[in-house]
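The entries follow the order in which I looked.

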Amino acid sequence: MDRRSAVAAIVAGLTAPGLAWSRPAAGFTIDKARIDAALRQMVSAKRAAGASALVWQGGVERYFGAFGDADREAKRPMARDTLVQIFSMTKPVTGVALMQLWEQGKFGLDDPLARYLPAFGNVKVLGEPGVDGKPVLCAPVRPIAIRDIMRHTAGFSYGMRDTAADKIFHDINPLALTNSLEEFGDKLAQVPLLFDPGMEWSYSTGVDVQALLIEHLTGDAFEPHVRKAILDPLGMKDTGWTQPADRLPRFAASYAKQADGTLARVPDEKARMLNFGRRKLTMGGAGLASTLDDYMRFARMLLGRGTLDGTRIIKPSTIRLMSTDQLDPRITRRFFLPEKGAVGFGLDFAVRIAQPRNATENRGTVGEFFWDGAETTLFWVDPANDLAAVFFVQVTPFDGTLHHDIRAAVYGSGYIGPAGD
C-alpha cells in the first residue's frame with residue numbers, strides 16, 4: 001500500500017460511524033461468566049426481583065443475560081423483550097430531540113429561555129430568610145439560559161430537597177399528570193429558583209422544560225415529535241410514553257426495598273397511568289418505557305456519533321458537545337452528582353472526567369457519558385472502548401450498589417482505564 005492509500009485508509013477508519021472516537025483503551029475483556037454471576041447474585045441476594053443487561057462492543061453484541069423475574073407474583077421471568085419504566089433515561093432522548101432543533105438554527109444555547117417561553121421571564125430566586133423568618137424572593141442575577149435547562153444549572157426544583165422552594169413545588173405540583181406541558185410550565189414558573197442560574201448543579205425539572213420548548217419551537221405535540229424525529233428512525237418500535245394495551249403483560253413490576261431487606265411489590269397504578277392511562281402530561285424527564293434492545297439502539301446511535309445503520313439522527317459534533325463537561329469549575333455545589341464518581345455534566349448526560357479514585361467508585365473510562373433512572377436502570381456509552389451497555393432492574397429506592405456491581409462485572413473490578421487528557 002502506498003502512502004496516499006495508507007493515509008486514506010486511516011482517515012476512513014477514524015470517520016467510520018460506530019468505531020471508537022479515540023484509540024481503544026486496553027485493559028479488560030468482556031467475561032460472560034463474570035457478568036452472569038453479578039446478575040445472578042443480585043437476584044439471589046434479593047437486591048432485585050429480576051435483572052438483565054446488554055453489552056455492545058466493536059460493532060457486535062458481546063453480552064446478553066437475564067435472571068430472575070420481571071413479575072415475581074405472576075412467575076414471569078425477566079426476558080429480552082420485557083418492558084421496563086426507564087424514568088430518567090428518558091432525559092437523553094429529549095435532549096437529542098432538542099439538539100436536533102439547535103442544529104437547525106432554531107435557538108442558541110445561551111439564548112434566554114424567556115425569549116421562547118415568556119412565563120420564565122418573571123421567575124424569582126429564593127434568598128435568605130428575612131428578619132421575620134419568611135423566605136425573601138429576589139430577581140435572578142441573570143436570566144435562565146437554554147444551556148441551563150440542559151445541564152441542571154437553571155435553579156429549578158425537583159421537589160427533592162428540604163427548602164422553602166421545594167415545599168412550594170410540592171404545593172403547586174407542576175408535574176401532576178393532570179397538567180398539560182403548557183400548564184406544567186406556567187406552574188413551574190411560579191416556584192422560586194433554588195439559586196441564581198449557573199451557580200450550582202441541582203437535578204431538576206429542566207428536561208421537562210425542554211419538552212415544552214420543543215413544542216413551542218416546532219408547533220408539534222412533544223410525544224409524536226420525538227417518535228417522528230428519533231424513535232421511528234431508529235426502529236425503537238417498543239419504546240414510547242403511550243403503549244398499546246396488548247403490551248401490558250410484558251411490563252416488569254416495580255419492587256421497593258423494605259427495612260428488613262425484602263422486596264415488596266409497588267402498586268401498578270402509576271405505571272399504568274404513565275403508559276396506559278388518561279394522563280395529560282408527557283414529561284421530557286421521565287415516562288418512557290423501553291426494552292433492552294430498543295434502548296441499545298439509542299445507545300448505539302450515540303456510540304456511532306449520531307448515526308445507526310446508515311440513519312443520521314444528529315451530527316457527530318453535536319454528540320461531542322453534549323458529552324463534554326459543561327460545568328464551570330466555580331460550580332462546586334453539585335447536590336448528589338459526586339455520588340456518581342469523578343464526573344461532570346454535559347447536556348443531558350453525566351460525563352466521566354477522571355479515572356476511578358478508589359475501589360468503591362464505579363468502574364469506567366474517562367470520556368464515557370451516561371445516565372440512569374429512578375428504579376435503578378442504567379446505560380452508558382464508552383467511546384474509548386467502542387462500547388455501550390444497558391442495565392435493567394426495577395428497584396426503589398435507587399440503589400447505586402447495583403450500578404457499581406454491573407460496571408465491575410463488565411470491566412473487571414480493577415479497571416480504571418486510560419488517564420485521558
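I call a residue buried under 20% relative accessible area, exposed over 50% and partly exposed in between, with a 1.4 Å probe and protein chains only. The model is predicted, and I took local features only at pLDDT of at least 70 and side-chain atom pairs only at pLDDT 80 or more, while totals for chains, interfaces and linings use all residues. Residues are numbered from 1 along each chain as its sequence is written, and side-chain values use heavy atoms, with hydrogens and water left out.

**Entry 1: helix H5**

Helices (H or I, at least four residues) and strands (E, at least two) are DSSP runs that I number from the N terminus. In H5, which spans residues 164–172, I found Ala165, Asp166 and Phe169 buried. These residues lie on the same side of H5, because they cover an arc of only 100° around the axis, the arc being that of the directions from the helix axis to the C-beta atoms. On the face turned away from the buried side of H5, I noted the exposed residues Lys167, His170 and Asp171. Taking contact as heavy atoms within 4.5 Å, I listed strand S5 (125–126) and helix H6 (181–188) among what covers the buried residues of H5. Just after H5, I recorded a positive phi of about 55° for asparagine 173.

**Entry 2: aromatic pairs**

I paired rings of Phe, Tyr and Trp (its six-membered ring) with centres within 6.5 Å, calling planes under 30 degrees apart stacked, over 60 edge-to-face and the rest tilted. By this rule I have 21 aromatic pairs. One of them, tyrosine 203 with tryptophan 371, is tilted, at 5.4 Å centre to centre and 55° between the planes. This pair links distant parts of the chain, 168 residues apart, with tyrosine 203 in the loop between H6 and helix H7 (206–218) and tryptophan 371 in strand S14 (residues 369–372). Tyrosine 203 is buried at a relative accessible area of 8%, and tryptophan 371 is buried at 1%.

I then looked up phenylalanine 349 and phenylalanine 369, whose pair is edge-to-face because the planes stand at 70°, with ring centres 5.0 Å apart. Both phenylalanine 349 and phenylalanine 369 are buried.

**Entry 3: charges over rings**

I required NZ of Lys or CZ of Arg within 6 Å of the ring centre and within 35 degrees of the ring normal. The charged end of arginine 80 sits over the ring of phenylalanine 64, 4.7 Å from its centre, and arginine 407 lies over the face of phenylalanine 370, at 5.1 Å from the ring centre.
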